[in-house]
Amino acid sequence: MSKILIVAEMSDGKVRKSTHSSITFARSANLPFSILVIGAGAAAAAGEVTGYGAEKVLVADDASLAGQVCETFAPTIAQVAKTGFDIVAITASSFGKDVAPRVAAKLGAGYAPDISGVLSDGGKLTYKRPVYAGNAYATCQLLTATQVVSVRQSEFVAAEPSGGASAIEPVQIAPADPAAARVEFIGLDAQKSARPDLGEARVIVSGGRALKEKFAEVLDPLANLLNAAVGASRAACDAGYAPPELQVGQTGRVVAPKLYFAIGISGAIQHLAGMKGSKTIVAINKDPDAPIFQVADYGLVADLFTTVPELISELKKAT
Amino acid sequence: MKILVPLKRVADPDNANKVKVNGGKLETTGLEWKPNPFDEYAVETALRLTENGTNTKARQGEVVVVTIGPKDAETTLRAALATGADRAIRVDAGDEQVDGDLVARILKAVVDKEQPDLVLLGKQAVDGDSNQVPQLLAEYLGWPQATFAATLKSEADKALVVGREVDGGTLSIRVTLPAVVSVDLRIVAPKSVTSVHTPATHNYPDGVRFAALMAIMAAKKKPLAELKLADLVSDPALKIQYTGFELPPARKAGVKVKTVAELVEKLKNEAKAL
Ligand SMILES: Cc1cc2nc3c(=O)[nH]c(=O)nc-3n(C[C@H](O)[C@H](O)[C@H](O)COP(=O)(O)OP(=O)(O)OC[C@H]3O[C@@H](n4cnc5c(N)ncnc54)[C@H](O)[C@@H]3O)c2cc1C
Ligand SMILES: Nc1ncnc2c1ncn2[C@@H]1O[C@H](COP(=O)(O)O)[C@@H](O)[C@H]1O
């Protein structure tokens with residue numbers, strides 16, 4: 001029977017929650033799996049994923065793995081994959097998208113990017129994945145013995161612990177690619193935020209170009225009230241009203257919260273691709289013909305600058 | 001600096017909601033071919049790296065564009081030539097004949113021939129949304145990769161400082177050339193690309209440049225070479241097989257609410273979303 005190697009992503013010394021989507025993938029494929037926790041500080045974080053039913057939790061911890069330079073991670077991931085694994089799975093975060101193809105190329109493996117579903121048919125796996133900005137779903141099979149997939153976080157609901165305690169085992173660090181000598185990590189410029197991550201939030205408040213310089217002033221109080229993550233359209237990010245990492249869409253973060261507010265967002269195809277999977281969508285836009293209304297469960301044709309403060313006070317009354 | 005820019009044409013992405021599925025097959029009939037937007041950004045980036053921004057006529061280096069596709073994909077190459085690329089290569093292949101892996105292996109062979117200092121690609125082709133060719137190519141070449149580049153600073157044409165857009169913010173790395181770089185949306189902002197050839201005070205217009213009519217005419221005379229797939233790759237086997245397509249389930253139509261109070265009432269009692 002095939003075995004899956006899940007590559008856990010780390011951030012701030014912890015296993016990122018996005019990893020739990022790859023665990024859900026492995027459970028859906030109904031195959032035994034191990035989890036490779038890789039990065040500087042991985043040994044201390046490994047205990048976080050021992051309760052999910054993995055055969056083993058493998059640890060690759062080394063100072064050379066600080067800084068998430070793909071050329072240092074890929075060789076060890078590939079080396080571990082060769083110790084009896086048939087499928088390598090990694091969540092399709094920016095880290096996963098960067099490293100997964102490189103691992104596939106090292107293994108001579110086929111790669112199914114950003115999969116949204118998996119079907120097991122007599123041991124052969126068929127993957128489902130969105131194409132054309134989520135306007136169609138393709139089914140595909142990989143024609144190689146070893147396979148690599150990246151897993152769409154918004155479509156594989158984060159796994160819950162299943163009990164038990166997987167054994168933790170250190171693995172050998174492979175020598176870095178020669179190319180690694182030509183990459184120097186300078187730094188990660190991250191905006192520290194107390195808000196939940198876009199991929200994990202129950203509620204997301206997203207704003208568009210219409211918010212202009214008042215983006216944070218208008219949306220933050222609403223987001224704070226709802227303990228929501230803040231998202232943005234491309235136009236809002238391009239104009240500098242919101243930082244780029246907040247972009248939701250085909251080429252930004254793909255999200256599926258319980259509740260999504262699209263405020264002053266027109267609803268271009270590329271934006272819809274990133275949020276159409278949300279459970280309930282609310283749109284506030286002053287243009288009654290804005291395409292966002294075609295996907296919204298509740299639409300309010302109104303000026304956002306008066307509506308959002310009103311919404312905040314009504315919500316306070318209601319909760 | 002010599003830069004190779006691989007380009008793909010895609011069915012009009014602004015009308016992607018018009019794709020149809022017929023008998024499990026995907027149909028894009030009626031959708032016009034457009035250059036993949038990220039590849040247009042890659043061409044613009046290549047031009048900015050190889051010119052003095054205050055005098056964009058003279059190239060300080062060479063920009064070569066390449067596509068793997070059928071004859072009609074040459075339109076995309078000509079468009080890139082018209083904006084300033086120096087020459088073009090088309091590797092003849094039907095769209096169904098290649099997958100991302102084979103494209104990367106073909107590109108490796110083209111790189112081996114052309115010996116560029118830098119390969120600049122779009123971060124993803126917005127038809128398949130795969131986001132894989134740049135990374136695969138980097139591994140096949142054994143070169144460093146810098147994906148999702150939002151800013152690029154060229155240091156004496158020998159190294160690049162790249163600001164990469166990642167989930168947590170912007171990650172900066174320095175790569176020594178030759179390297180593979182894939183570009184993100186904001187690479188075409190006025191100050192995203194800094195080259196040694198352009199004064200630091202220079203501001204580019206936001207977005208990509210358009211070709212003047214004269215340049216479009218002149219581009220017809222620029223060299224466009226055709227290469228055969230079989231001359232570049234001995235094993236053209238595919239690693240992925242698409243077996244079917246379906247349309248996503250439609251969202252059920254929503255309602256317009258009249259007041260904020262009504263919205264909150266519905267969110268609370270109907271959607272139970274609060
Ligand atoms: C290659 C490529 C990739 C892309 N990827 C993405 C992506 O990942 N994510 C993404 O979002 N976009 C993406 N885009 C851009 C996308 O096509 C749209 O341009 C963008 O989403 C528009 O942003 P917007 O809705 O904020 O702005 P606009 O389209 O300008 O809409 C602003 C809206 O605000 C409304 N409005 C104005 N004033 C008010 C007011 N006072 N009160 C209420 N409403 C008001 C207007 O009616 C309008 O509907 C991509 C584009 C390309 C080419
Ligand atoms: N057929 C092709 N010909 C040339 N370049 C391609 C082709 N397919 C993909 N690319 C390049 O690879 C990038 C990423 O594509 P993809 O990995 O398919 O999302 C694109 O933006 C192009 O630069």
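## A salt-bridge network in chain B

B:Arg90 is buried, at a relative accessible area of 2% (buried is under 20%, exposed over 50%, partly exposed in between; 1.4 Å probe, protein chains only). Salt bridges with shared partners link B:Arg90 into one network with B:Lys71, B:Glu74, B:Asp92, B:Glu226 and B:Lys228. A salt bridge here is a side-chain nitrogen of Lys or Arg within 4 Å of a carboxyl oxygen of Asp or Glu.

B:Glu226 and B:Arg90 meet at 3.2 Å, N to O. B:Glu226 sits in strand 16 (residues 224-228) of chain B and B:Arg90 in strand 9 of chain B, so the bridge ties together parts 136 residues apart in sequence. Helices (H or I, at least four residues) and strands (E, at least two) are DSSP runs, numbered from the N terminus. B:Glu226 is partly exposed, at 39%.

## Basis of the model

The model is predicted: local features need pLDDT of at least 70, side-chain atom pairs count only at pLDDT 80 or more, and totals for chains, interfaces and linings use all residues. Residues are numbered from 1 along each chain as its sequence is written, chains are lettered from A and ligands numbered from 1 in the order in which they are written, and side-chain values use heavy atoms, with hydrogens and water left out.

## Other salt bridges

Over all chains the count is 44 salt bridges. One of them joins A:Lys106 to A:Asp177, with the closest N and O atoms 2.6 Å apart. A:Lys106 lies in helix 4 (residues 94-107) of chain A, and A:Asp177 in the loop between strand 12 (167-170) and strand 13 of chain A. The two are 71 residues apart. A:Asp177 is buried at 11%, while A:Lys106 is partly exposed at 23%.

In chain B, B:Glu114 and B:Arg87 also meet in a salt bridge, at 2.6 Å, N to O.

## The A–B interface

In chain A, 83 residues contact 79 residues of chain B (heavy atoms within 4.5 Å). Eight salt bridges cross this interface. In one of them, A:Arg16 meets B:Asp167 at 3.3 Å, N to O. Strand 13 (residues 183-190) of chain A gives the largest share of the chain A side, eight residues.

Strand 18 (residues 298-301) of chain A and strand 18 (residues 255-257) of chain B run parallel, joined by three bridges (strands pair if DSSP finds at least two bridges between them). A:Gly299 stands opposite B:Lys256.
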